[in-house]
Amino acid sequence: PGPDVESGDIDPESGLPWVLEDELPVEGQATLALIDQGGPFPYDKDGSRFGNLEGLLPDHQPGYYHEYTVITSGSTDRGARRIVTGDAGEFYWTEDHYKSFERIARRRQ
């Protein structure tokens, strides 16, 4: 995205609203940093295939998307927050376990 993207703007590629990386919870920003450096990740399922069964992300072949846990303080399990990545370098945020998504506008990649 260009520098003129603001939170709430609609990404024409996915049809989803943008959220700025800096506006994610600190745990989400930490997960992005782990993804950028290749781990280590806190959960075995981090980096596993995300099937897009809900159909909210653009259609791609199986294996295109991968999911990563965003730690939820106080949760006794993985919680509902995830970052989903696409093979073309896109990043998506969900805080409600795949019921909705926003596309993450990265400040750097």
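Start with the side chain of Arg82. In this predicted model, one of its polar atoms lies 3.4 Å from the backbone oxygen of Arg78. There is also a distance of 3.0 Å between the backbone oxygen of Gly79 and a polar atom of the Arg82 side chain. Arg82 itself belongs to strand 4, residues 82-86.

Is Arg82 buried or exposed? It has 3% relative accessibility, so it counts as buried. Setting aside residues up to four places away in sequence, Arg82 touches Glu67, Tyr68, Thr69 and Val70, and also Tyr92, Trp93, Thr94, His97 and Tyr98.

Back to Arg78 for a moment. Its charged end sits over the ring of Tyr43, 6.0 Å from the ring centre. Another arginine, Arg106, lies over the face of Phe91, and there the distance to the ring centre is 4.5 Å.

Next, the aromatic pairs. How many does a search of the whole structure find? The search gives 6. One of them is Phe41 with Tyr68, a tilted pair with 5.0 Å between centres and 45° between planes. This pair links distant parts of the chain, 27 residues apart: Phe41 is in the loop between helix 1 (26-37) and strand 2, and Tyr68 is in strand 3. Phe41 is partly exposed, at 28% relative accessible area, whereas Tyr68 counts as buried at 12%.

Then Tyr64 and Tyr65. Their ring centres are 4.9 Å apart and the planes meet at 85°, so this pair is edge-to-face. Tyr64 counts as buried at 7% relative accessibility, and Tyr65 is buried too, with a relative accessible area of 3%. Elsewhere, ring pairs join Phe50, Tyr98 and Phe101 into a cluster.

Now Gly63. It lies in the loop between strand 2 (48-50) and strand 3 (65-69). With 25% relative accessibility, Gly63 counts as partly exposed. Which residues is Gly63 in contact with, leaving aside neighbours within four places in sequence? Those are Arg49 and Asp87. Gly63 and Arg49 are 14 residues apart in sequence, with a C-alpha to C-alpha distance of 5.6 Å.

Last, strand pairing. Strand 6, residues 102-105, pairs with strand 1, residues 18-20, in the parallel sense over 3 bridges. In that pairing, Val19 stands opposite Ile104. Strand 6 also pairs with strand 5, residues 91-94, this time in the antiparallel sense over 2 bridges. Here Trp93 stands opposite Glu102.

How values were computed: Residues numbered from 1 in each chain as written. Predicted model: local features only at pLDDT ≥ 70, side-chain atom pairs only at ≥ 80, totals over all residues. Heavy atoms only, no water. Helix = DSSP H or I, 4+ residues; strand = E, 2+ residues; numbered from the N terminus. Buried < 20%, exposed > 50% of the residue type's maximum accessible area, 1.4 Å probe, protein only. Contact = heavy atoms within 4.5 Å. Polar contact = N/O pair within 3.5 Å; in protein donor to acceptor, adjacent residues only side chain to side chain. Pairing = 2+ DSSP bridges. Phe/Tyr/Trp six-rings, centres within 6.5 Å; stacked < 30°, edge-to-face > 60°. Lys NZ or Arg CZ within 6 Å of the ring centre and 35° of its normal.
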